[in-house]
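Subject: Model handover and what I found in it

Hello,

Here is the structure you asked for. My notes follow below it.

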Amino acid sequence: MTAMATDGHPDSGQWAETSHCRVSAVRRFGAFTALELVAPGVTAKASPGQFVMVTVPGGGFLLRRPLSLFTVHGDRAGLLVEARGAGSERLAALEVGETVDLAGPLGSAFPTRGVSNALLVGGGIGCAPLQYLADDLAAAGANVTAAFGFRDFRAARAAGAFAIERLWVASEDGAVGRKGTVMDVLTGLDAPPNTVVYACGPAAMIGAVQRWTIHEGLRGYASLEAHMACGTGSCHGCVVDTARGKLRVCSEGPVFALDEVTL
Amino acid sequence: MTVPLELDQVTLAVELGALRLEHPLVDASGTFDLLEYARRYHGDFFADFPYAAYVPKTVTADARTGNPAPRVTETSAGMINAIGLENPGIDAWIEGLPEWAALRRPVIVSVGGNAPRQYAAVIRALEAHLATAPRGSVPCIEGYELNVSCPNVAGGLQIGADPAATAAVVGACRAETARFLLTKLTPNVSDVTVAARAAVDAGADGLSLVNTFKAMVLDRETLRPFLGNRTGGLCGPAIKPIALRMVAEVAQALPGVPLVGMGGVMSGLDALEFIACGATAVGVGAANFSGFEAPARILGELRAELAARGYASPAAARGIALGA
């Protein structure tokens, strides 16, 4: 019997409990693979910015891999995987019909209440949670503009995985979109003063976005990447420096106010 | 001939020295954050806590911020970490006790430091608090585990690798408390029984072993050390055979001394193997990172493994591997 939830979801399952999810669709975009999973236990509780811990199937892997929720449609959870090592290579090779174990949703979400103009800034695999955020903001009637940066041609093909109406893309080798970094796109944009910036990507990009928002007088949020072991607040493996001291990306984050992150 | 038992014919309770535990499993210090779970759990986690005792993350006299990132990564059949004993220091730690006073399990406080007086200061501060704390404002603190074996802080590992230094820490702490006193040994020595004997002779009631193996992982692109601390502690299934050997050696050298065996326990069979090597209780560490359900699963498997072999209790299987 499922314990009665204290947060008003009587049948939503236990926090961080593992659910077995079938892969229902796989799309490949260069270095990135978009997985769609049947994950009602995750999608019922999820908000943009949150992540799941994914067990790498087949044995031989001790630690689960943290992946941001890329999309949520009904009972389908989308994940975007970039093959970086043996574990993510295995996840990127998943096929329709296979089953993977997920725990989540975990971590903090992007605050979106009252936002009318949103600027989403992503770098590489860090663009993943911004699709779910864009969908959520657009459904709430906000104006959404996105600027994504990718390293090279193979990575920039990931832009094809996204469906955002106003999406500007930069690639460092100029293969797709503007040649340069996402910052080159940002400096060319005219953001209204009430714009809220949402950033996710490598530390160097987060730092650059932070400086840009200060210069522009904008507020915003950053979702941070970190190497994690547990994903549930126990191991203190994923801490980052913030204005509030060292905080865990998995449990106090991954979403932080942009101005409290110290990089 | 082995006669299998029904699952309900197995009694899991064990006596770890003066501590009576509902079953043999405890969390390895630093791998299970009770409060993090209690805050988010749907239900009463203080009642549903899956381990027989709670060993919190190591606390030191002063606050420590820990090591720079990255602090963890996976390795072949294991993982490496260099957290660096991040903790708020004993004074803030004591202030937080009311938050988890409702835990209905014995607590074994993991204590760290760089010198005997630092360990003793932690215990002195806590004992002073416990002597005057109102009923219900503190959890059931029944013992200590002296972490003389953290490989990721200056002074941590060196104490555990030096029998005289280990004895000095144990002696200083023994003078501060009558509670159950464990010493957690490092495996980074050529003969683990030397420090084990030194700890017991200095007043330790029992021993935990092993802590992690000092190790290094390189960034595969830059060929520089991957961890912010350069080196870290290796744990997980990769270390289990070495940990079993060390537990068996200590059990043979110091018969009757209560042991908490640990190192790469992922399954009930792994836990039973540590019991067979002489452990009374078994620590579960890295397995906690594989999922919320790990401790309950391992405990269920342990019961089944005992039943399948006809052992009515963990005590019946204890030390089986030590004979001829």
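Where in chain B is B:Arg230 found? B:Arg230 sits in the loop between β10 and β11 of chain B. Strands here are DSSP runs of E with at least two residues, helices are runs of H or I with at least four residues, and both are numbered from the N terminus.

First, the ground rules. This is a predicted model, in which local features need pLDDT of at least 70 and side-chain atom pairs count only at pLDDT 80 or more, while totals for chains, interfaces and linings use all residues. Residues are numbered from 1 along each chain as its sequence is written, and chains are lettered from A and ligands numbered from 1 in the order in which they are written.

**Backbone points to check**

Most residues other than glycine have a negative phi, and most peptide bonds are trans. The following are exceptions to look at.

- B:Arg230 is not a glycine, yet has a positive phi of about 70 degrees. B:Arg230 counts as partly exposed, with 13 C-beta neighbours inside 10 Å. The cut-offs use C-beta atoms placed from the backbone: buried means 20 or more others within 10 Å, exposed means 12 or fewer, and partly exposed is in between.
- B:Leu223 is not a glycine either, and has a positive phi of about 60 degrees. B:Leu223 is in the loop between β10 (213-216) and β11 (231-235) of chain B. B:Leu223 is exposed, with 8 other C-beta atoms within 10 Å.
- A:Gly104 to A:Pro105 is a cis peptide bond, with omega near 5 degrees. A:Pro105 lies in strand β6 (residues 99-106) of chain A.
- A:Gly253 and A:Pro254 are also joined by a cis peptide bond, with omega about 10 degrees. A:Pro254 is in the loop between β14 (245-248) and β15 (255-257) of chain A.

**Chain B overall**

Chain B has eleven helices and 13 strands. Its radius of gyration is 19 Å, close to the 20 Å that the globule rule gives for 324 residues, so chain B is as compact as a globular protein of that length. The radius is taken over C-alpha atoms, and the rule is 2.2 Å times the number of residues to the power 0.38. The C-alpha trace spans about 55 × 55 × 45 Å along its principal axes. Buried residues make up 57% of the 324 residues in chain B.

Contacts mean C-beta atoms, placed from the backbone, within 7 Å. Among contacts in chain B between residues at least 6 apart in sequence, 76% join residues at least 24 apart.

**The sheet in chain B**

Seven strands of chain B form an open sheet with parallel pairing, in the order β3-β13-β12-β9-β8-β7-β6. β3 (25-27) and β6 (107-111) of chain B stand at the edges with a single partner strand each, so one side of each has no neighbour in the sheet. Neighbouring strands are turned by 25 degrees against each other on average, direction ignored. Strands pair if DSSP finds at least two bridges between them.

B:Ile108 stands opposite B:Gly143 in β7(B). Strand β7 (residues 141-147) of chain B is mostly covered, with six of its seven residues buried.

Helix α8 (residues 240-253) of chain B lies across β9 (206-209) and β12 (259-262) of chain B, at about 165 degrees to β12(B). Axes are lines fitted to C-alpha atoms, for helices over the stretch in contact, and angles run from 0 to 180 degrees between N-to-C directions.

**Domains and interfaces**

Chain A is assigned domain 1 (18-105) and domain 2 (117-260). The bounds come from an automatic or database domain assignment. The C-alpha centres of these two domains lie 20 Å apart. Their contact takes 20 residues from domain 1 of chain A and 21 residues from domain 2 of chain A. On the domain 1 side, β4(A) gives the most, with six residues. That side divides into 13 nonpolar, four polar and three charged residues. Ala, Val, Leu, Ile, Met, Phe, Trp, Tyr, Cys and Pro count as nonpolar, Asp, Glu, Lys and Arg as charged, and the others, Gly among them, as polar.

Between the chains, the contact takes 30 residues from chain A and 30 residues from chain B. The chain A side divides into 16 nonpolar, eleven polar and three charged residues.

Best wishes

How values were computed
Two residues are in contact if their C-beta atoms, placed from the backbone, lie within 7 Å.
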